[in-house]
Amino acid sequence: MIRKKVVLFLVEGITDQIALGAILSKLIENEQVHFEIADGDITTRNGISTKNAKEKVWSHVKIFLDKKRYTKQDLKQVIHLIDTDGAFVPDSAVVPTTRAKTHYSQDCIYAKDCEAIKKRNNLKREIVSCLRTTSKIGGIPYQIYYFSRNLEHALHNQIEELSSREKQELSEKLEDDYYENPKAFVQLINSNAILIVGNYEQTWEFIKLDLNSLIRGSNFGIFLK
């Protein structure tokens, strides 16, 4: 029997896998679905640059291959899922606050250290712009999709910052709600409330504009259509 090829989803945290893993495994029946957790946002990691961004992504793919004892030939594609984190807003939308933690609204980012957030945003813009025009990583087909402002905002309309426990509970609820009916999840992700309309390039151009990276939305529905 020929072994199924692997579709590898590279995600930021365990709650992404909890929310999407079982559902995507049912939707993508002709391939094996696996997740590699990057333990944070690769696009803002210390030491990343446009010169080494592809290598940094590939290093996580390599960790997966070594761990699971797969080879490059076992991979069909790599799908990278990220949060926008409002990174494309103009610097004027980053405003000071006395609160210790950075928090977000639909029209600005409140930060105690505004310069640090502006620096983070600039780095993320550069790295994402590099990766979204990348069609292969290590010779494997690659695409990057976003949740805006993050997965909880896009899928649950939760704009407030949530604790790790709250994120896990929402992820478990999503799995419970859609595991038996994964096609309903496809309808959700492609609904007017979430789907950013357009093709792959158009949805990335949209999220770069004005305050769009703070609004609720995702282009991941393109992959699932």
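Visitor: Is aspartate 210 buried or exposed?

Guide: Buried means under 20% relative accessible area, exposed over 50%, and partly exposed in between, with a 1.4 Å probe and protein chains only. Aspartate 210 has a relative accessible area of 59%, so this residue is exposed. Please bear in mind that this is a predicted model, in which local features need pLDDT of at least 70 and side-chain atom pairs count only at pLDDT 80 or more, while totals for chains, interfaces and linings use all residues. Residues are numbered from 1 along each chain as its sequence is written, and side-chain values use heavy atoms, with hydrogens and water left out.

Visitor: What is the phi of aspartate 210?

Guide: Most residues other than glycine have a negative phi, and most peptide bonds are trans. Aspartate 210, although not a glycine, has a positive phi of about 45°. Asparagine 157 likewise has a positive phi, of about 60°, and with 48% relative accessibility asparagine 157 counts as partly exposed.

Visitor: Which residues does the cis peptide bond join?

Guide: The cis bond joins serine 148 and arginine 149, with omega at about -5°. Arginine 149 lies in the loop between β8 and α4, where helices (H or I, at least four residues) and strands (E, at least two) are DSSP runs numbered from the N terminus.

Visitor: Why is the pair of tyrosine 145 and tyrosine 200 called edge-to-face?

Guide: Rings of Phe, Tyr and Trp (its six-membered ring) pair if their centres lie within 6.5 Å; planes under 30 degrees apart count as stacked, over 60 as edge-to-face and the rest as tilted. By this rule there are 11 aromatic pairs. For tyrosine 145 and tyrosine 200 the ring centres are 5.5 Å apart and the planes stand at 75°, so the pair is edge-to-face. The pair links distant parts of the chain, since tyrosine 145 sits in strand β8 (residues 140-148) and tyrosine 200 in helix α7 (residues 200-208), 55 residues apart. Tyrosine 145 is buried, at 2% relative accessible area, and tyrosine 200 is also buried, at 13%.

Visitor: Which residues form one aromatic cluster with these two tyrosines?

Guide: Phe9, Phe35, Phe147, Phe220 and Phe223 form one aromatic cluster together with Tyr145 and Tyr200. Contact means heavy atoms within 4.5 Å; leaving aside neighbours within four places in sequence, phenylalanine 9 is in contact with residues including Leu24, Ile79, Phe220 and Phe223.
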